[in-house]
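Thank you all for making the time this morning.

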Amino acid sequence: MLEVAQSLREQVAWACRILALEGYVDLTLGHVSARRTGERSLFIKRKGVALDEVAPEDVVPLDVDADQADVGPDMHLEAVLHTEIYKLRPDVGAVVHGHPPFSTALGATGARIELLTHDAVLFPEGVSVFEETADLITAPEQGRAVAQALGSRRAVLLANHGVVVVGKDVPWAVLAAITLERAVRLQSIARSLGPLRSIPAAAAQRLHSSKYQDQLVEEYWASWIRRVRRSRQADGMPPE
């Protein structure tokens, strides 16, 4: 697993700030969670704060088996998206849910992500689609259905709603969330310019192996944090 110096609370808070810079802000909606491998407890952004104002104290504990009726007023209604995925995916260490514009728009069409760019090759098996409802996912059985739709992939589009993206840890989940939105945005641009020309599947697999590695994700994570600081959007975050 990729190791970073911050606590899980700090990692989740940084993830929220980073995603905010990358187009994931939607009022106080959207949430990020993380857990240590194999643990039943996790940390998740609390309800009531926007992604770009989350500090470590806004990241609260949650048990994977918690009853949604007993979690308290600070918990997002859609926390079951996180808990049910963790139950089905022991390999997942972080979950992102949000409403980025291009990926959300893709989920409101019959189109699917294409292997057009280096960004898209992070998703060589494609992206799942959950089509049962466009409503909020608030019941455990709904969260379980989303987890099943996600399957073994990195991301699932919630039709007419948003996205859920996972990773083995927080930096990988953030990379997948940012890269998905960029891939769909570039696909939208490409489609407006002419016929699409995809990367062959075998070439995409080779590129995936060389481009997406732990060492590079460590570099990206440090760079994202520097960018948040340069943007003067690090108020409330731990100092350097």
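Is Trp224 buried or exposed? Trp224 is buried, because its relative accessible area is 11%, where buried means under 20% relative accessible area, exposed over 50%, and partly exposed in between, with a 1.4 Å probe and protein chains only.

Before I go on, please keep in mind that this is a predicted model, in which local features need pLDDT of at least 70 and side-chain atom pairs count only at pLDDT 80 or more, while totals for chains, interfaces and linings use all residues. Residues are numbered from 1 along each chain as its sequence is written, and side-chain values use heavy atoms, with hydrogens and water left out.

Let me stay with Trp224 and turn to its ring partners. The structure holds two aromatic pairs, where rings of Phe, Tyr and Trp (its six-membered ring) pair if their centres lie within 6.5 Å, and planes under 30 degrees apart count as stacked, over 60 as edge-to-face and the rest as tilted. In one of these, the ring centres of Tyr220 and Trp224 are 6.3 Å apart and the planes stand at 50°, so the pair counts as tilted. Both residues belong to helix H7, residues 214-230, and are four residues apart, about one turn of the helix; helices here are DSSP runs of H or I with at least four residues, strands are runs of E with at least two, and both are numbered from the N terminus. Tyr220 is partly exposed, with a relative accessible area of 26%.

Trp221 and Trp224 also form a pair, this one edge-to-face, at 6.4 Å centre to centre and with 85° between the planes. These two are three residues apart in helix H7, and so about one helical turn separates them; both are buried. Taken together, ring pairs link Tyr220, Trp221 and Trp224 into a cluster.

Leaving aside residues up to four places away in sequence, Val174 touches Ala15, Ile18, Leu19, Trp221 and Trp224, where contact means heavy atoms within 4.5 Å.

Helix H2, residues 80-88, is mostly covered, with seven of its nine residues buried. Among them are His82, Glu84 and Tyr86, and what covers the buried residues of H2 includes S1, strand S2 (41-45) and helix H4 (140-150).

Finally, two backbone details. Leu27 has a phi near 55°, a positive value in a residue other than glycine; Leu27 is found in the loop between helix H1 (8-24) and strand S1 (31-34) and is exposed, with a relative accessible area of 67%. Arg232, in the segment after H7, likewise has a positive phi, near 60°, and is exposed at a relative accessible area of 75%.
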